[in-house]
Amino acid sequence: MTRIVITGAAGRMGRTLIEAVLNDPDATLVGAVERSGHALLGSDVGALVGRDPLGITLQSSLGSVLSNGVDVVIDFTTPMATLEHIGICRHVGTRMVIGTTGLSRDQQLVLEQASRDIAIAAAPNFSVGVNLTLKLAEVAARILGDSVDVEIIEAHHRHKVDAPSGTALALGQVVARELGRDLEECVVYGRQGHTGERDRKTIGFATIRAGDIIGDHTVLFAASGERLEITHRASSRMNFASGAVRAAHWLLDQPPGLYDMQDVLGLKGAV
């Protein structure tokens, strides 16, 4: 039985993660954390997901929750909150599943340093389907090479604060790596005005923020006379949450290190 704590538990993703843990017969929820000052602190976690009381109250201190004995902390919050949680988990020796996006290079470095002491599974998207999409994009880039133009289109709900999405950037990084390019040097974020002819060596991104879109991602490989589109559309956050719980189970048997969902699914080196 994997003992799990959820951070950011009162948010949209946090509530979905709670449901995923409660629905998994091999997982048990032992704690839930939310930011200091949140109106729901002290309330029973069951109320967050429309269930009977669970006997677990929403806390503001991750450290106090970890003292109860925890296997894995699942963190889908904000970069600053995630950094704080990483420090606490590293000190206590608790594994982490991290789905927070928008981390800066320096923040990513902190995560990497912490993985020397604890096992961390970090990914921009824990959906099994999205990770298969990443693998398909990698294979397509390898086969098509420089004979195509590459564009990445993503859409999310109006509340998402970072753009492009972490998943879109991960798709760009996979394609760029297979094409022997540095994404930071070849990326184009949107176009406006007189842009001139498209440079085939670039990788373009288009971002949509509207309504309640959970998450759509398309990688477009366009040549003269044909195009290939690899698309994933999410209709529920439960896909991401279930994948995160799957990663939490997988981490129990891993030594300290930095892993991603491709490791969890055994996709690295496949195909």
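The chain carries 25 positive and 31 negative side chains, with the centres of the two sets 2 Å apart. Lys and Arg count as positive and Asp and Glu as negative, leaving out His and the chain ends; each charge is placed at NZ of Lys, CZ of Arg, CG of Asp or CD of Glu. The model is predicted: local features need pLDDT of at least 70 and side-chain atom pairs pLDDT 80 or more, while totals for chains, interfaces and linings use all residues. Residues are numbered from 1 along each chain as its sequence is written, and side-chain values use heavy atoms, without hydrogens and water.

**Overall form**
- The C-alpha trace spans about 60 × 40 × 35 Å along its principal axes.
- Of the 271 residues, 49% are buried (under 20% relative accessible area, 1.4 Å probe, protein chains only).

**Contacts**
- Among contacts (heavy atoms within 4.5 Å) between residues at least 6 apart in sequence, 69% join residues at least 24 apart.

**Nonpolar cores**
- A nonpolar core is a set of buried Ala, Val, Leu, Ile, Met, Phe, Trp, Tyr and Cys residues joined through side-chain atoms within 4.5 Å.
- The largest has 39 residues, and those touching the most other members are Ile-4, Ile-6, Leu-17, Ile-18, Ile-74, Val-97 and Phe-126.
- The helix α8 gives this core the most, 7 residues (helices are DSSP runs of H or I, at least four residues, numbered from the N terminus).
- Beyond its neighbours within four places in sequence, Ile-4 has contacts that include Val-21, Leu-29, Ile-74 and Val-245.
- Another core, of 22 residues, lies apart and includes Ala-140, Val-174, Val-175 and Cys-186.

Notes
Buried < 20%, exposed > 50% of the residue type's maximum accessible area, 1.4 Å probe, protein only. Helix = DSSP H or I, 4+ residues; strand = E, 2+ residues; numbered from the N terminus.
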